[in-house]
Amino acid sequence: MSMNEKRNGDTSTGEASPTLAFEEPTIFEHSHEGKCGYSLPENTFGDFTTKPAISKNLLRHDLFDLPEVSEPEIVRHFTRLSQWNYSVDTGFYPLGSCTMKYNPRINEKIATLDGFASLHPFSEPDDCQGTLEVMKRLEELLCAITGLDHFTLQPLAGAHGELTGMKIIAAYQHIKDPKRNKVLIPDTAHGTNPASCALANLEVVQLKTTEDGILSPAVVREALQNGDVAAMMITNPNTLGLFETHIREIADLLHENGALLYMDGANYNALMGISSAALMGVDVLHLNLHKTFSTPHGGGGPGSGPVGVTKALFEFLPIPYVVRNGAKLALKENLPLSIGRVAAFYGNFFCHLRALAYILTMGKTDTRGSETGLRTASELAIVNANYIRARLKGRYHLPFDKACMHECVFTDALQQKYDIHTRDIAKRLMDYGFHPPTIYFPLVVEAALMIEPTETETKETLDAFCDAMIAIADEAKSNPARVLEAPTLAKRKRIDQLKAVREPVLRWRRGENST
Amino acid sequence: MRYLPLNTANQKALFKTIGIESFDQLLDSIPPAVRFKKPLGLEAAYSEHKLLHHFQDLAEKNHSHVKLFAGGGSYRHHIPAIVESLISRGEFLTAYTPYQPEISQGTLQAIFEFQTLACQLLEMDIANASMYDGATAFAEGLLQATRVTKREMIIIQKSLHPHYKQVLQTYYPFDPKKIIEIDFDRSGTVNCDLLHKEILAAGDRLAAVGVQYPNFFGIIEPIDKIKEIAAAAAPKALFVTSTTEAIAFGMLKPPGGFEADIATCEGQSFGNPIGFGGRCIGLYTVKDSYIRSMPGRVVGQTVDKDGRRSYTLTFETREQHIRREKATSNICTNHSLLALAAAIHMTSLGRQGLRKLAEMNFRAAEYAKSLFREKKTVKLKFSAPTFNEFCLETTEDVDMLFKRLIRGGILPGIRLKKFYPDLKSSFIVSFTELSSKSEIDEFVSCFQ
């Protein structure tokens, strides 16, 4: 035990150490004529041959460009590339608003079960009962967790969920009150929110948050005066990590006025079993299964962005949807007001599968003190964020000095006088072996460092991270050059982003990719 | 709970540093009215053992072990074992979007290679880091055409995959009447006279001609002729293509060969199981000049401070996190891991493998065709050439036929009556390198 403590103590203030790492050329540079990494299934057709009756103009003569590489080379190549990545499995990844929690391995095993993997999307519903049960059960559990009445699992990512939700709102208002085409969005919103509104043909009106970092009902009341607001789109907890205390009052104002409330549920990891979208008065919500419900981020997807709605909006959901008829499950399309389809098939089913496995593993939420449960996960996510907030307070500027939810936001205000900025702090963190927080977001805070630890980290890790942050704050004073030089222990030193735009090289081409 | 590492002592220590005695003190900002009063109504936690058995049971409730002759945008192919093994590496699986390039070179280089492979497959200049699926990729492609041309009208085929058409209708922000559908002729290809007429009628309001090939019926559209008509009648409209079966380009001349402006493709056939359509991935490629209006993330090559070759996300000023409501799309998360699977499979196939694989798919379908030609109760619906799927018309009641074959463990394809009332007795059958001669023989022997 004491040795462990000592070891932890040692690493907590030390830098990461470089490991054996190979420079790896692109797969195209491994290519040599005549190699192949694939074994074709046996030809069972004997000497059956056929001359394509296809016009010569439509045939391809050579696949000249494609690489020619053997299997061992491919495995080594991609294994080496993997070693050039930072990941949750290898280290602490406190990327704010991304909820980089542990991705359970049993869920990966479940996601490869052949009975799910080899089911064709055009199979008869009677032959899909297992898969439909997974989807329906997940929908029902998401309803229980959020208090909403219906869910669609079709959206393929969080932003895709936003688009689906805003399309639902647009379709609803088109019938109720077609002049309503504006969406109120607080200045703390994710960038996807305004972009999703634009794609749904809705106009964005930005609302200012008050000095305490949340939205005031007065601002909303004023914005509603013209009767042209279709909905408000709010993230709760917001991107400052603060709970929107007045949300219920704001929901009531919107509803009295004829507008709806959309909630971006990207930060739902703070809320499970504690509060719910329904209690807040939310009409439409999207969740990110790849955040709150532990499905892996995969280097940027696949995600999954189920959308939940109240009863009143059911008819607008995408088709098809799953219904339970006694013991049987079926797919239905009989929704004349539906916004239509948002994806070729039924959503990212393997994310549904993993999320359901996660919820079943976490199990019921007892009142506090229970050892299992989604609520405990949310509680610990909040505790961890507040711990980091408490430990770094005073060393970094804390623009909103009060208890936070699952993430906390600092700035570089105390380091600026040494000419050390948020980006430098982030890069120096790499040298201490950590993934940086989300930086320069939310935009309402100048040069933000947004830290989301999640509930799956140990106290030792949180301490090591805080020690590193404090060491960097000290270095900013004592040795700013060291910080500016960072990262020096990462696989690459600072990368020239400007060159990437000025001299775009977006693919490999023979003889053109030397540096 | 095994995923939660904080023990009671840890929690006490954390509380002390935070300066609280109970957790509730952290919830002051949540008014009592919006707090849960009672526990969520969930079941007791499953053990790992119980969980695995539960899902094994559910998986077995699916009747997925059928002899499969359905395609329609989701194709069963052999996936090399290395694909799952490599994409399961935690370093790929549990990383996020590579915002910090210095510690994300693995994902970045893999995406850069994926972009290159997508360009090579489709013979295009630039690819993005992937879209959600073939349907959303095609819809976004047509939307990009409306942005580039500042026009709204688009022309598509009636033989476009019906789900793709529905997704396009959902995404399309203008008057739905501005989507013009061109009927197919008796051979199954797009009616070129009608196409010509509609292009002329649309005139300078036309943003794009969007063509899927092979089309939903499996037919290899005369893409050369279609492009010629479009180029002559509407030189400023963009030529946008979609493909549901990427393997086809081992044999067919790709869209770049016909000067497509934007070429999209469903990439599931590479490296991803059919899984109820749950592992799709959209390929999105454009000509050089359309980079700035392209949706989605893109990785570029650059150097680090020491001049070493490096990769980074680039052209981000197009994107939602910077441009907000003026962004080229709202897409943020894409399908990175599935793109990696596709890249690994494409690399395994390589120059020779992909060609041979495409030929095997084609041969299996042609073999089936040769047998179906001998049958009385079923005939080929269209005469134009196909790749690995084609359309049959039966004299039987199609529902009865499906019932009969499904009972015998065969999924005979996709019925068309739901999508095309005129084709109520027709269905599409699909063949891949996994359709063996004996399976096909058995399938065809179910017909008289």
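1. Basis. The model is predicted, so that local features need pLDDT of at least 70 and side-chain atom pairs count only at pLDDT 80 or more, while totals for chains, interfaces and linings use all residues. Residues are numbered from 1 along each chain as its sequence is written, chains are lettered from A in the order in which they are written, and side-chain values use heavy atoms, with hydrogens and water left out.

2. Chain A as a whole. The secondary structure of chain A comprises 16 helices and 12 strands (DSSP runs numbered from the N terminus, helices being H or I of at least four residues and strands E of at least two). With a radius of gyration of 26 Å, close to the 24 Å that the globule rule gives for 515 residues, chain A is as compact as a globular protein of that length (the radius is taken over C-alpha atoms, and the rule is 2.2 Å times the number of residues to the power 0.38). Along the principal axes, the C-alpha atoms of chain A fill a box of roughly 80 × 65 × 50 Å.

3. Burial and contacts in chain A. Of the 515 residues of chain A, 64% count as buried (buried is under 20% relative accessible area, exposed over 50% and partly exposed in between, with a 1.4 Å probe and protein chains only). Among contacts in chain A between residues at least 6 apart in sequence, 70% join residues at least 24 apart, contact meaning heavy atoms within 4.5 Å.

4. Helix α7 of chain A. Seven of the eight residues of this helix, residues 192-199, are buried, so the helix is largely enclosed by the rest of the structure; among the buried ones are Thr192(A), Pro194(A), Cys197(A) and Leu199(A). The helix is followed by Asn201(A), whose phi is positive, near 65°.

5. Helices α5 and α11 of chain B. The axes of α5(B) (residues 105-122) and α11(B) (residues 336-372) come within 9 Å and cross at roughly 50° (axes are lines fitted to C-alpha atoms, for helices over the stretch in contact, with angles from 0 to 180 degrees between N-to-C directions). That makes α5(B) oblique to α11(B), since angles under 35 degrees count as roughly parallel, over 145 as roughly antiparallel, 65 to 115 as roughly perpendicular and the rest as oblique. The residues of this contact divide into 11 nonpolar, three polar and no charged (Ala, Val, Leu, Ile, Met, Phe, Trp, Tyr, Cys and Pro count as nonpolar, Asp, Glu, Lys and Arg as charged, and the others, Gly among them, as polar).

6. Helices α8 and α9 of chain B. The axes of α8(B) (residues 192-202) and α9(B) (residues 223-233) come within 10 Å and cross at roughly 20°, and the two helices are therefore roughly parallel to each other. By class, their contact has eight nonpolar, one polar and one charged residues.

7. Two residues of chain B that touch chain A. Tyr3(B), in the segment before α1 (8-18), counts as buried at 6% relative accessibility; leaving aside neighbours within four places in sequence, Tyr3(B) is in contact with residues including Tyr102(A), Pro104(A) and Tyr358(A). Glu84(B), in helix α3 (residues 81-87) of chain B, is partly exposed, with a relative accessible area of 26%, and touches Thr112(A) and Arg279(B), not counting residues up to four places away in sequence.
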